[in-house]
Amino acid sequence: MVVETDKTSLVFAVGQNKKLYQIYWGEKLKSAADYAKLPLQQEAYMPAGTDNLFEPAIKMVHNDGNPSLELLFGGVTTKSDGNVTTTIITLKDPQYPVEVKLHFAAYYSENVVKSWSVISHREKKAVEMTHYASSMLHLNAGQYWLTHFHGDWAKEMRREVTPLPNGVTTIDSKLGTRANIYRMPLFLLSKDCPATETTGEVIAANLAWTGSFRYDFEIDNNNSLRIISGINHFGSEYWLNPNEEFVTPELVFTFSANGTGEASRNLHRWARNWGILDGNGDRLTLLNNWEATYFTFDEELLTQLFDGAKNLGVDLFLLDDGWFANKYPRNNDGTGLGDWQPNVKKLPHGLGYLVEKATEKGIKFGIWIEPEMVNPKSELYEKHPEWILKLPNRAENYYRNQLVLDLTNPEVQEFVYKMVDDMLTQNPGIAFIKWDCNRMMTNSYSTYLKEKQSHLQIDYVHSFYKIMERLRVKYPTLPIMLCSGGGGRSDYGALKYFTEFWPSDNTDGLERVFIQWEYSAFFPAIAVCNHITTWGKQSLKYRTDVAMMGKMGYDIRVAELSPEELKFSQSALQNYERLKEVIWRGDLYRLISPYNEERAVLMYVDAAKSHSVLFSYALNPRSFNQFAAVRLQGLAPDKIYKVEEINRMEGRDNAQHAPGPSKPAEAQHYSGDYLMKVGISLPNNNPLTSAVIEITEVK
Ligand code: GLA
């Protein structure tokens, strides 16, 4: 049984004992006959309770109290449409009517595999499951290097690269409503030594699950590694009824024998084709008002801000938090959440008026919502205390002054669906939604789930998906940004329903270089929203150049820009319009890592290798610094390219980003061969300076 993509294979075989073994995972062998020579060593999906002494993939207690499971091969089916082949391997317990179907969907040209399992049984009553992994994967190497990411609010994606020790290393979260605030559901793992962008065998993976996740990396007595991925089973014993299916989330992963760069490009391609809603479609540039006004605005100010958006040249104005609630007006984050009626003081003419005004001014209108949450000071809280997750006999526990609605309750699902649907049907011009989720679960208890409290974290996420599924039937392409108090929700489970996500509230230009660098290993630029704001002390040019490497937007008061800054921003947006195809759909090459030098350099190249854009961000190099030339990648050696610096600020010394004489940037012509073997010197050698270089084939 070979799960195969263009360059990789994951191979299984059945032993004499009828157990299923994973015998290979890596770069495809030239001759398939060679797989037969591999030893049967690692049981593919190890159950607990019988002869296994390591972390199990699955553990359950049967109706008679027997706490063991044995899984034997029961058949295999494959289905293929050419590019996507799904292999389903059935495993069965010989004594108990329990079945596990291991699913592998292989995306041939993208070199990505999704793996998940479906568990079911025909015992008389529910069985209790305490472990239910999406996948268990085995690797053999001398050493294993894990790159994982941790952080907190505004500190997303801080990397740690570490060799794995013998024993179990767990990376997990226990948040319920989102995957991340302290740990990200993403990892890179390389064999033998840390991978570079262009060398090393490396795996990049994300569990497609918008809730508590768990990765166990276990090295055994033979120095073999098993990677167990899935929903975090902590406090989440699951009672599975007879004939019901427990479908685990998918682990999305890729294997590259040529370093992290290729692994990232694989995931990007897969995500655009399969992983993100409308991944090959268009996106809107926007002006958000969150940092420009916070909660303090009214109709008049907003319509003035529309003029700013138009003047700047973005497609859409995004109205953020603070527009709703009347009894407890949403004038700060302590009140009103849950009461989704426009605030009559701030918006006397309602949302429809704003949509109309925006349309008159030639821009689209979008809106922020956080429909899964409630402030105790709200009418919703007063009317429906039973809809709220909170423990009996304990004080309410708040985070950002709010509580979580009990999405497992179908009435609450209906409330959330209806609130969004009503808003969209009553204001048909709404062209964009930012969907936020600012809280995790603490002190949680569902009155709806009664004695099945341990189902809460799992059922919550399924309920969230159910609502999104329903909304997407009615609004299949409406752009919706996924946001969660910064980047708490950044996973391929949710991105099926969302067109983009907000990676962090931290928009400081320098911080963003690192944050965006890390996200770019897993997510394509079209999905990562980067806004130019007034966080950070870098020049406007620097913050603009940084935002441009993804889906660009603004969160500033346009009226406060100097004429020079406004002109620069308008022309940057025009450049973006020309380059967005390359940025959104091109191949990403990460040339210089900000962890290796005092700068980050990356470039995108379109499929025809005729148009490319390079971004260079200096960090804090020492005085009189001179960086070495950068060798480009991904171009065609025989083509001739025009290389030209763009996004320059007139009247500025672009090497300093400071007032001064601006030397003209002369376009030069080079062959792709020259650019990739010799490279080019970039103009930004000074601290916190940046450069954008457009590279265009000369025909
Ligand atoms: C979260 C988001 C911000 C903003 C605020 C509004 O923190 O990440 O971008 O929308 O909520 O309250």
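Which residue has a polar side-chain atom that lies 2.9 Å from an oxygen atom of the ligand? That residue is Asp436. The model here is a predicted one, in which local features need pLDDT of at least 70 and side-chain atom pairs count only at pLDDT 80 or more, while totals for chains, interfaces and linings use all residues. Residues are numbered from 1 along each chain as its sequence is written, and side-chain values use heavy atoms, with hydrogens and water left out.

Back to the ligand, then. On its own the ligand would expose 310 Å², and the protein buries 97% of that (areas come from the Shrake-Rupley method with a 1.4 Å probe). Around the ligand sit 13 residues, the closest being Asp320, Asp321, Arg400, Lys434 and Asp505; to be counted, a residue needs a heavy atom within 4 Å. Sorted by class, this shell holds four nonpolar, three polar and six charged residues (Asp, Glu, Lys and Arg count as charged, Ala, Val, Leu, Ile, Met, Phe, Trp, Tyr, Cys and Pro as nonpolar, and the others, Gly among them, as polar).

Now for the strands. An open sheet with parallel pairing is built from eight of them, in the order E29-E28-E27-E24-E23-E22-E31-E30. Its edges are E29 (500-501) and E30 (529-532), each pairing on one side only. Strands and helices are DSSP runs of at least two and at least four residues, and two strands pair if DSSP finds at least two bridges between them. E22 (residues 286-288) and E23 (residues 316-319) have three parallel bridges, with Asn288 partnered by Leu318 in E23. Helix H6 (residues 410-426) lies across E24 and E27, at about 150 degrees to E27; contact means heavy atoms within 4.5 Å, and angles, from 0 to 180 degrees, are taken between N-to-C directions of axes fitted to C-alpha atoms.

A further open sheet has six strands in the order E32-E33-E34-E39-E35-E38, and here the pairing is antiparallel. From one strand to the next, the twist averages 25 degrees. Four bridges link E35 (residues 640-646) to E38, and Val643 stands opposite Gln668.

Notes: Polar contact = N/O pair within 3.5 Å; in protein donor to acceptor, adjacent residues only side chain to side chain.
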